[in-house]
Amino acid sequence: MPLALTEDQDLLARTASEFVAASSPLARLRKLRDSRDERGYGLDRLARMAELGWTASVRRQDGGLGMGWRGWYW
C-alpha cells in the first residue's frame, strides 16, 4: 500500500476537512456524542454527505454502502 495519498484521496481528505470545519463545530459534535445515538452522525449531515458522494462508510440501513471508514480508500 502506498504511503502517499492518491490525488482522489487527497481531494476527498481536503473536502472532508472543509466540510467538517464549516458544518460541525465542537459543540455540535459533543451534543451528538452525548446523545448516545448509535449512528454516530446526524441525519442532516448524512444528506449532505450523500450529495458529496460519501456514502461508502454509511450504514446500509441509512442508505449507504456499509463499508466503514476504510471503504473510502479501497
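Five salt bridges turn up in this predicted model, counting a side-chain nitrogen of Lys or Arg within 4 Å of a carboxyl oxygen of Asp or Glu. Residues are numbered from 1 along each chain as its sequence is written. Local features need pLDDT of at least 70 and side-chain atom pairs count only at pLDDT 80 or more, while totals for chains, interfaces and linings use all residues; side-chain values use heavy atoms, with hydrogens and water left out.

One of the bridges pairs Asp10 with Arg14, with 3.1 Å between the closest N and O atoms. The two sit four residues apart in helix α1, so about one helical turn separates them; helices here are DSSP runs of H or I with at least four residues, numbered from the N terminus. Asp10 is partly exposed at 33% relative accessible area, and Arg14 is likewise partly exposed, at 45% (buried is under 20%, exposed over 50%, partly exposed in between, with a 1.4 Å probe and protein chains only).

Arg48 counts as partly exposed at 37% relative accessibility, whereas Glu51, at 60%, counts as exposed. Bridges with shared partners also tie Arg28, Asp44 and Arg45 into one network. Arg33 and Asp34 make another pair, with closest N and O atoms at 2.9 Å, and both of these residues are exposed.

Turning to α1 itself, this helix covers residues 7-23, and its 17 residues reach 24 Å from first C-alpha to last, close to the 24 Å expected at 1.5 Å a residue (that is, 1.5 Å times one less than the number of residues). Its buried residues are Gln9, Leu12, Ala16, Phe19 and Ser23. The face turned away carries the exposed Glu7, Glu18, Ala21 and Ala22.

Ser23 belongs to the buried set, at 16% relative accessibility. Leaving out residues up to four places away in sequence, Ser23 touches Arg28 and Arg45.

As for confidence, the chain averages a pLDDT of 76, and 80% of the residues score at least 70 (pLDDT is the predictor's per-residue confidence, from 0 to 100).

Conventions:
Contact means heavy atoms within 4.5 Å.
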